[in-house]
Amino acid sequence: MTNAMRGAENPTIQRGELVARRAGRPRVLPQMAGGRRSWMEPREEILDIAAGLFVDRGFAATSTRDIAEAVGIRQASIYYHFPSGKEEILGELLQRSIRPTLDRIEKIEILGAETDAGPEVRLHLLVVLDVRTLAAAPRNAGVLSRLPEVQRKEVFGPFGSAREELRAAYARLGGQVAASRPDAAMTPEGNLLGTLLLQLVEVVIGMRSDGHRISQTIEGVVAASCLRVCLADQECIDEAAARAADLIGAFE
């Protein structure tokens with residue numbers, strides 16, 4: 001079993017495991033000039049439609065012709081935007097479920113140091129930003145990393161490396177939160193803690209699949225749950241949430 005994916009370390013709770021292949025089918029919108037059915041930019045619409053098809057039908061069962069027909073463009077236009085075809089589309093969708101969070105980790109650390117925000121605040125920020133990344137992924141594309149057919153693709157490699165980097169950040173910040181607690185010995189160590197925190201965040205994929213909107217309330221609940229795993233008490237959680245709310249605007 002590989003551990004190089006969002007939610008792959010433990011077969012019981014994995015990114016995408018809570019989600020059956022039931023993402024919404026491609027939209028049928030009034031055609032525009034040239035055959036397209038949306039006011040989205042062509043490249044973004046291709047990604048959006050492809051994500052729905054991949055999650056709903058499976059990657060292997062979806063052809064570039066299927067994507068082109070659903071978008072309302074010629075098949076050749078797919079290759080104009082994605083020269084390597086559907087595997088390049090898949091690679092970008094995988095990255096969109098993780099890269100926005102990774103790109104903010106350094107800023108979280110810098111902002112934390114500049115504002116004297118402790119690890120509780122920084123972990124809260126990381127969780128909220130990661131939840132937002134998953135909530136913004138086209139057609140709940142976070143589920144794709146769980147599919148065995150996707151795990152075998154070459155484009156999965158960079159995603160797996162990115163996921164290890166994110167898990168390490170969770171483990172580091174979670175460990176710092178727990179270290180100051182009197183019962184710190186009760187907290188899972190190292191990668192296990194990072195894995196657990198990741199899996200708590202990844203529950204939002206299942207929530208999206210069930211039709212739930214990922215609101216600020218949900219963000220706060222998930223962040224609080226992660227802090228509790230690191231043995232933070234309610235007062236600490238409330239303080240971290242308040243400080244994080246003041247700082248989150250720096251990432252918008």
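Predicted model: local features only at pLDDT ≥ 70, side-chain atom pairs only at ≥ 80, totals over all residues.
Asn140 is placed in the loop between α6 and α7 (148–151).

**Backbone**

Most residues other than glycine have a negative phi. Asn140, a residue other than glycine, has a positive phi near 60 degrees. Asn140 counts as buried because its relative accessible area of 6% falls under the 20% limit. Leu231 is not a glycine either, yet its phi is positive, at about 75 degrees. The position of Leu231 is in the loop between α11 and α12. With a relative accessible area of 21%, Leu231 is partly exposed, because buried means under 20% and exposed over 50%.

| Residue | Phi | Relative accessible area |
|---|---|---|
| Asn140 | near 60 degrees | 6% |
| Leu231 | about 75 degrees | 21% |

**Largest pocket**

The largest pocket holds about 180 Å³ of space. Its lining consists of His124, Leu125, Val128, Arg132, Gln216, Glu219, Gly220, Ala241, Ala244, Ala245 and Ile248. Three helices, α6 (119–136), α11 (216–229) and α12 (234–247), each contribute at least two residues to this lining. The greatest contribution to the lining comes from α6, which supplies 4 residues. Sorted by class, the lining of the largest pocket comprises 6 nonpolar, 3 polar and 2 charged residues.

Conventions
Residues numbered from 1 in each chain as written. Heavy atoms only, no water. 1 Å grid on protein atoms, 1.4 Å probe; cavity = no way out; pocket = protein on both sides within 12 Å on 5 of 7 lines; lining within 4 Å. Points joined across faces, edges and corners; volume = space filled by probe spheres on them. Nonpolar A, V, L, I, M, F, W, Y, C, P; charged D, E, K, R; others polar. Buried < 20%, exposed > 50% of the residue type's maximum accessible area, 1.4 Å probe, protein only.
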